[in-house]
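Subject: Structure for your review

Dear colleague,

Please find below the structure that I am handing over to you. My notes on what was found in it follow directly after.

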Amino acid sequence: MLQGFPLLLFLVTAAFLPASADSVPADCGGTAAWRTLRHVQNAVGTTNCFWDDESVCVSNGRQTVRFYHNRRKSEINGVTLWLNAPTDGSAPKGDWRMAGVDLDLLHLAVLQETEGPKKRLHVMLDPGHGGSDSGARSLDPPVNEKDLNLELALKIGAALKKLGFKVSYTRTGDDALTLDDRSRLARKKKADLFVSIHANHAGNGAAQGVETYVLPPSGFPGTAAGSRARGWQIGNRND
Ligand SMILES: [Zn+2]
């Protein structure tokens, strides 16, 4: 149904990471809280480490984690994952380190199996618009964005529940919610991940694809090219 639809879908996600008082590297305006290679090995559950000219690699047989020297790029089982801050130092020299907040993120996302039973992650889905606010509108086929957002959110929620996630919604009907209402609900439910779903209008009718905006922890840049580190914003002040 989405094929050729002249609206552009985008998602806004905010990862609510465990609060950490000093998790911002010094070059991002805060106190450094680095983790050493030993911390990473403990997290992965291994004592091995391989390095070459461009990367450090740690593996426990099931999970292989690779960090590229002085870059934000990392790979988990071959899947690229962008860190909030570049790694620092050198493994052969013994001063390799990574930002603590990034190791927290790895724990949350992929390394849970090494530390006891898996925590059931809670995802909150926020279908954009609703009520008298229809959002963007497609004439052919005639669809209001608010309805498409809700339909998508319910489908995504059902799929996530099947995979074992806890799912909640800001709305499950044609309700009018202000942005404040939505953030209030997010705070109240304390979800691990908040995903706002929209289907944008595009001037170019041939445009299609997905845009994803992620709110990084405070003091870290986004993943867009040229993005700069910023201070806190509403939504990440206490990260
Ligand atoms: Zn929208």
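**Strand pairing**

Strands β4 (residues 55-59) and β5 (residues 64-68) are joined by five bridges and run antiparallel to each other. Within this pairing, the residue that Val58 faces in β5 is Val65. Four residues lie between the two strands of this hairpin, and Gly61 has a positive phi near 100° there.

Strand β5 also pairs with strand β6 (residues 73-76), again in the antiparallel sense, through three bridges. Here Arg66 has Glu75 of β6 as its bridge partner. The hairpin of β5 and β6 likewise has four residues between its strands, and in this case Asn70 is the residue with a positive phi, near 55°. When you look at these strands, please recall that in a regular strand the side chains alternate between the two faces of the sheet.

**The chain as a whole**

Please note that this is a predicted model. The protein chain contains four helices and 14 strands. It has 239 residues, of which 26% count as buried. Of the contacts between residues at least 6 apart in sequence, 56% connect residues at least 24 apart.

**Nonpolar cores**

Which residues have the most contacts inside the largest nonpolar core? They are Val40, Ala43, Val44, Met98, Ala99 and Leu103, in a core of 19 residues. At least two residues of this core come from each of α1 (37-44), β4, β5, β8 (97-99) and α2 (100-109).

**Confidence in the model**

The mean pLDDT of the protein chain is 81, and 79% of the residues reach 70 or more. Among the elements, helix α3 (residues 145-162) has the highest mean pLDDT, at 97, whereas strand β1 (residues 7-15) has the lowest, at 46.

Two stretches call for caution. Over residues 1-11 the pLDDT stays under 50, and the model has 30 contacts beyond four places in sequence for them. Residues 13-31 also have a pLDDT below 50, with 49 contacts in the model beyond near neighbours in sequence. Where pLDDT is low, the predicted coordinates should not be read in detail.

With kind regards

Methods:
Residues are numbered from 1 along each chain as its sequence is written. This is a predicted model: local features need pLDDT of at least 70, side-chain atom pairs count only at pLDDT 80 or more; totals for chains, interfaces and linings use all residues. pLDDT is the predictor's confidence in each residue, from 0 to 100. Two residues are in contact if their C-beta atoms, placed from the backbone, lie within 7 Å. A residue is buried if 20 or more other C-beta atoms lie within 10 Å of its own, exposed if 12 or fewer, and partly exposed in between; C-beta atoms are placed from the backbone. Two strands pair if DSSP finds at least two bridges between them. A nonpolar core is a set of buried Ala, Val, Leu, Ile, Met, Phe, Trp, Tyr and Cys residues joined through C-beta atoms within 7 Å.
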